[in-house]
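Subject: Handover of a structure and the findings from it

Dear colleague,

Please find the structure below for your records. The findings follow directly after it, grouped by topic.

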2 protein chains.
Amino acid sequence: MEKTLIESCEDTCTGTGLVQPAIEPRLPEHQAVGIAEVFKALGDPTRVKIIYFLLHRELCVHDLSTALEMGQSAVSHQLRYLRDLHIVKRRKEGKTVFYSLDDGHIEQIFVQTLHHLQHM
Amino acid sequence: MEKTLIESCEDTCTGTGLVQPAIEPRLPEHQAVGIAEVFKALGDPTRVKIIYFLLHRELCVHDLSTALEMGQSAVSHQLRYLRDLHIVKRRKEGKTVFYSLDDGHIEQIFVQTLHHLQHM
DNA sequence: TTAATATATGAGTAATCACTCATATGTTAT
DNA sequence: ATAACATATGAGTGATTACTCATATATTAA
């Protein structure tokens, strides 16, 4: 080790040769982060179940908590997470807060993915 | 606290009343986990960039490493992750290993999501 | 007012993650 | 054989995460 150490593959790599000038098109950092953020929001079993329930009807926190067999606090935290990303929205009625899907695009992404995965 | 503690909302909740008999349809646990697993795989900026690059062409590890401006080890680890989920596949040619997308469904999920997010 | 209910939230924690570093493996050239 | 290169991988680490617990807030009823 520790000798000539050619700085890059540009001269030696048997690869694509596309490194110079650059591999295009490039996805801007902020877009990559934004896309990943959405996928990550859908990348947890509890949140998947929540979204799946809300595909069919609006539900209050307690009903979600019961349906998911999880503590109310855990559900509230996840709903907060989804709400911050505008995936889910609130409707208050007395003491009760009903949640439903907020974004048609997210809903379509979810449903289309569901269909894809069912045919794999 | 610590007194009557009614066991559930079934009698008192002002909610949907759908708790009994149950909220249907239910997404089976293993399906929820599987769906979340796929979304999670797409839920990281580095992996998003990798998949985006591979949408357009096959690339070797070094070229990906250069394009992503990340260490070769980090890239290899992520490629391993994606390969385990059959999102990406290998093709060996001498010393070089080329990676490309392995699954048309995942590719469609990715592209459709890209389009959705561009129109939000 | 006080009590009960429904939800929200901050702190704490164990598990997971996305890297780095060092090293191992595999391939080609000399 | 040895050396150089290309990739893979195990260990280690700091950051993030998905929960629990206790408590706060909000609404309604008595």
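A salt bridge is taken here as a side-chain nitrogen of Lys or Arg within 4 Å of a carboxyl oxygen of Asp or Glu. In that sense, A:Glu58, A:Arg91 and A:Glu93 are linked in a network of salt bridges. Please note that this is a predicted model.

Salt bridges

Over all chains, the search of the whole structure finds nine salt bridges. Side chains of opposite charge can pair when their charged atoms come close.

Within chain A, A:Glu93 pairs with A:Arg91, and their closest N and O atoms are 2.7 Å apart. A:Glu93 counts as partly exposed because its relative accessibility is 43%. A:Arg91 also counts as partly exposed, at 33% relative accessibility.

Within chain B, a salt bridge joins B:Arg91 to B:Glu93, with 2.7 Å between the closest N and O atoms. The relative accessible area of B:Arg91 is 35%, so B:Arg91 is partly exposed. B:Glu93 is partly exposed as well, with a relative accessible area of 41%.

Between chain B and chain A, the count is three salt bridges. One of them is formed by the side chains of A:Lys49 and B:Glu29, at 2.5 Å from N to O. A further salt bridge is that of A:Glu29 with B:Lys49, whose closest N and O atoms are 2.5 Å apart. This pair crosses between chains, running from A:Glu29 in helix H1 (residues 29-41) of chain A to B:Lys49 in helix H2 of chain B. Are the two partners buried or partly exposed? A:Glu29 counts as partly exposed, because its relative accessibility is 45%. B:Lys49 has a relative accessibility of 15% and therefore counts as buried.

The interface between chain B and chain A

The size of an interface is often given as the accessible area lost when the parts come together. For chain B and chain A, the buried area is about 4900 Å², and carbon and sulfur atoms give 70% of it. In chain B, the residues that lose the most area to chain A are B:Ile23, B:Phe39 and B:His116, which together make up 13% of what that side buries.

In terms of contacts, 54 residues of chain B are in contact with 54 residues of chain A. Ten residue pairs are in polar contact between chain B and chain A, with both residues at pLDDT 80 or more. On the side of chain B that touches chain A, two or more residues come from each of helix H1 (29-41), helix H2 (45-56), strand S1 (59-60), helix H3 (61-68), strand S3 (96-101) and helix H5 (104-118) of chain B. H5(B) gives the most to that side, with nine residues. By residue class, the side of chain B that touches chain A divides into 27 nonpolar, 16 polar and eleven charged residues.

Of the atoms of DNA strand D that come within 4 Å of the protein, sugar and phosphate account for 68%.

Both chains supply this surface: helix H2 (45-56) and helix H4 (72-84) of chain A, and H3, helix H4 (72-84) and S3 of chain B, each give at least two residues. H4(B) gives the most, with five residues. The residues of this surface divide into eight nonpolar, twelve polar and nine charged.

Which parts of DNA strand D lie 2.6 Å from A:Ser73 and 2.3 Å from B:Arg90? For A:Ser73, an N or O atom in the side chain is 2.6 Å from a base nitrogen of DNA strand D. For B:Arg90, a polar side-chain atom lies 2.3 Å from a phosphate oxygen of DNA strand D.

A residue of strand S3 of chain B

B:Ser100 lies in strand S3 of chain B. Its relative accessibility is 15%, and B:Ser100 therefore counts as buried. Leaving aside residues up to four places away in sequence, B:Ser100 touches B:Leu54, B:Glu58, B:Ile87, B:Val88 and B:Lys89.

Yours sincerely

Conventions:
Residues numbered from 1 in each chain as written. Chains lettered and ligands numbered in written order. Heavy atoms only, no water. Contact = heavy atoms within 4.5 Å. Buried area = accessible area lost by both parts, 1.4 Å probe. Polar contact = N/O pair within 3.5 Å; in protein donor to acceptor, adjacent residues only side chain to side chain. Helix = DSSP H or I, 4+ residues; strand = E, 2+ residues; numbered from the N terminus. Nonpolar A, V, L, I, M, F, W, Y, C, P; charged D, E, K, R; others polar. Near = heavy atom within 4 Å. Buried < 20%, exposed > 50% of the residue type's maximum accessible area, 1.4 Å probe, protein only.
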